[in-house]
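The turns below work through a protein model by question and answer, moving from strand pairing to the chain as a whole.

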Amino acid sequence: AFHFVSDQVERLLGYPSRQWLEEPNFWRNHTHPEDVAWAGEYCARATAEKRNHEFEYRMVAADGRTVWLRDLVAVVVEQGVVVKLRGIMVDVTDRRGAEQALRKSEERFRALTALSSDFYWETDREHRFVMMEYGKSFRGPMPSTEYAGRIRWEIPSVAPSEEGWRAYRETVAAHHPVRGFGFARRLPDGEIRHYEVDGDPLFDPSGAFLGYRGVGRDVTERLRADRALRDSERRVRALLRRLTATQEAERRRIAADLHDFVGQNLTALGIGLETLRRPSSADAERHASTFDGLRNLLKETMDTVRQTMSDLRPPLLDDYGLLAALESHGRQFSLRTGLVVAVQGQRIGARPAPNVELALFRIAQEALANAVKHAGASRAAVALTCKGGFLRLSIEDDGRGFAQPSGARAALQGGWGLPMMRERAEEAGGTLRIEFPAKGTRVVAEVPHVDSNHPG
């Protein structure tokens with residue numbers, strides 16, 4: 001039974017202080033139903049043991065509010081007998097509310113962490129783990145409880161090298177954020193898994209360093225996929241190199257065959273026709289027109305063979321250089337296709353290496369062919385410049401172009417033209433890109449200007 005309750009209790013719960021004294025079992029009647037049993041038992045047991053005690057529980061205020069209280073109770077003992085309890089009651093509702101909000105915030109943080117990462121970690125001032133939580137499906141290198149008190153770089157690892165760990169230690173020693181730090185560990189079954197962690201330093205209000213908090217991910221499958229992609233790209237590049245080399249070798253062989261057999265045979269045929277054309281009989285005049293027609297046909301055939309040989313292996317490229325070969329090819333291409341080709345360029349003092357000249361010439365050939373075959377262009381401009389130690393070749397047409405830049409990538413699925421142009425540029429140590437002016441398409445190749453007299 002209560003013998004005294006101060007008047008402040010009315011401000012606390014809304015009940016007048018006399019009600020605490022007059023109403024039997026007042027405390028039990030107004031304590032929250034979920035707390036009355038355990039709080040009463042706890043208080044009774046502590047009193048029976050003659051020890052002071054404190055505890056927190058809920059009471060229902062006169063207006064129906066739930067109020068969290070903290071009771072600090074002193075047990076008064078006289079001659080070994082408990083004679084009374086004396087204490088104070090403190091309203092801790094705001095603090096409990098803040099704690100509950102903090103718990104919910106932490107729960108949301110944990111949930112988001114679980115969705116965005118495989119594990120959550122915290123370290124103290126000495127960089128020792130104070131917390132390691134695994135996601136539901138995460139399989140770590142060891143139980144999460146075994147991290148407590150250990151330092152990350154003291155745990156056996158497969159990677160990185162000592163230099164990599166040194167850089168990590170310098171980062172955390174300087175209290176800088178950790179981003180994308182990668183390491184690898186061996187699982188109990190012998191499998192090596194790769195991980196990546198991010199973390200931020202923690203500081204108290206005075207600026208004192210408290211430790212780190214961060215998340216981590218298992219990136220093993222991503223690294224394997226990246227490695228497989230790189231291997232695939234290497235295989236494709238090797239295939240393109242072999243294809244390019246084979247193509248050039250085949251061009252040279254066909255050009256040589258045309259020269260050695262077809263060209264010689266046509267020349268011999270022309271000589272024979274001229275011999276037969278000389279008047280040697282009465283019907284010479286009657287056959288003259290026939291021989292003139294055959295001679296013209298032969299000349300056209302020989303011109304076509306020479307042009308084909310030039311396309312396969314342009315002699316101007318070997319004899320007079322890249323710009324002369326581009327100008328000649330532009331004129332011949334215009335005559336054959338109707339595409340108006342304008343070639344502009346500057347004379348280059350030291351001729352580029354033969355492989356560089358050949359690569360740029362083939363790129364120009366392919367780009368002009370694409371302008372006619374795929375873009376429906378009517379005009380094309382070829383420009384060759386040299387600046388800053390780089391040769392720049394651009395081929396711009398006024399055709400349809402690509403509907404969007406991604407079309408350049410989609411076009412790769414339709415043939416080997418663009419990939420082979422890019423491979424030729426990269427094989428010469430340069431780059432190739434596709435640009436999209438207001439109309440049409442621009443192919444730009446840039447390669448280092450390597451003097452043919454200094455192949456190194």
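Q: Which residue does Asp 200 stand opposite in E8?
A: The model is a predicted one, and in it strand E7 (residues 192–203) runs antiparallel to E8, with 9 bridges joining the two. Asp 200 has its opposite residue in E8, and that residue is Arg 213.

Q: Which residue takes a positive phi in the hairpin of E7 and E8?
A: The hairpin of E7 and E8 has 5 residues between the strands. A positive phi near 95 degrees is found there, and the residue that takes it is Gly 207.

Q: What is the bridge partner of Trp 121 in E8?
A: Besides its bridges to E7, strand E8 (residues 209–218) pairs in the antiparallel sense with strand E4 (residues 119–123), over 5 bridges. In E8, the bridge partner of Trp 121 is Gly 214.

Q: Over how many bridges do E2 and E3 pair?
A: E2 pairs with strand E1 (residues 53–60) in the antiparallel sense over 8 bridges, and within that pairing Asp 71 of E2 is the bridge partner of Phe 55. E2 also pairs with E3, again in the antiparallel sense, with Val 76 standing opposite Lys 84 in E3. For E2 and E3, the number of bridges is 10.

Q: How many residues lie between E2 and E3 in their hairpin?
A: E1 and E2 form a hairpin with 5 residues between them, and Gly 64 in that turn has a positive phi of about 95 degrees. E2 and E3 form a hairpin as well, with Gln 79 in the turn at a positive phi of about 55 degrees. Between E2 and E3 the number of residues is 2.

Q: Is Gln 79 buried or exposed?
A: Gln 79 is placed in the loop between strand E2 (66–78) and strand E3 (81–91), and it has a positive phi although it is not a glycine. Most residues other than glycine have a negative phi. The relative accessibility of Gln 79 is 85%, and because the cut-off for that class is over 50%, Gln 79 counts as exposed.

Q: What is the phi of Asn 25, which is not a glycine?
A: Asn 25 is found in the loop between helix H2 (17–22) and helix H3 (26–30). Its relative accessibility is 53%, so Asn 25 counts as exposed. The phi of Asn 25 is positive, at about 55 degrees.

Q: Which residues does a cis peptide bond join, with omega about 5 degrees?
A: Most peptide bonds are trans. The cis bond involves Pro 160, which lies in the loop between strand E5 (129–134) and helix H6 (162–173). With omega at about 5 degrees, the residues joined are Ala 159 and Pro 160.

Q: Which element gives the most to the lining of the largest pocket?
A: The largest pocket has a volume of about 1200 Å³ and is lined by 34 residues, of which Ala 1, Phe 2, Phe 4, Asp 71 and Leu 85 lie nearest its centre. Helix H1 (8–13), H2, H3, helix H4 (36–48), E1, E2 and E3 each supply at least two residues of that lining. With 7 residues, the element that gives the most is E3.

Q: How many disulfides does the structure hold?
A: A disulfide is a covalent bond between the sulfur atoms of two cysteines. Cys 43, at 18% relative accessibility, counts as buried, whereas Cys 386, at 24%, counts as partly exposed. For the structure, the number of disulfides is 0.

Q: What share of the residues in the protein chain is buried?
A: The secondary structure of the chain comes to 13 helices and 13 strands, and its accessible surface is about 27200 Å², of which 54% belongs to carbon and sulfur atoms. Among contacts between residues at least 6 apart in sequence, 52% join residues at least 24 apart. Of the 456 residues in the chain, the buried share is 35%.

Definitions and conventions: Residues numbered from 1 in each chain as written. Predicted model: local features only at pLDDT ≥ 70, side-chain atom pairs only at ≥ 80, totals over all residues. Heavy atoms only, no water. Helix = DSSP H or I, 4+ residues; strand = E, 2+ residues; numbered from the N terminus. Buried < 20%, exposed > 50% of the residue type's maximum accessible area, 1.4 Å probe, protein only. Contact = heavy atoms within 4.5 Å. Areas by Shrake-Rupley, 256 points an atom, 1.4 Å probe, with all protein chains shown as cover. Disulfide = S-S within 2.5 Å. Pairing = 2+ DSSP bridges. 1 Å grid on protein atoms, 1.4 Å probe; cavity = no way out; pocket = protein on both sides within 12 Å on 5 of 7 lines; lining within 4 Å. Points joined across faces, edges and corners; volume = space filled by probe spheres on them.
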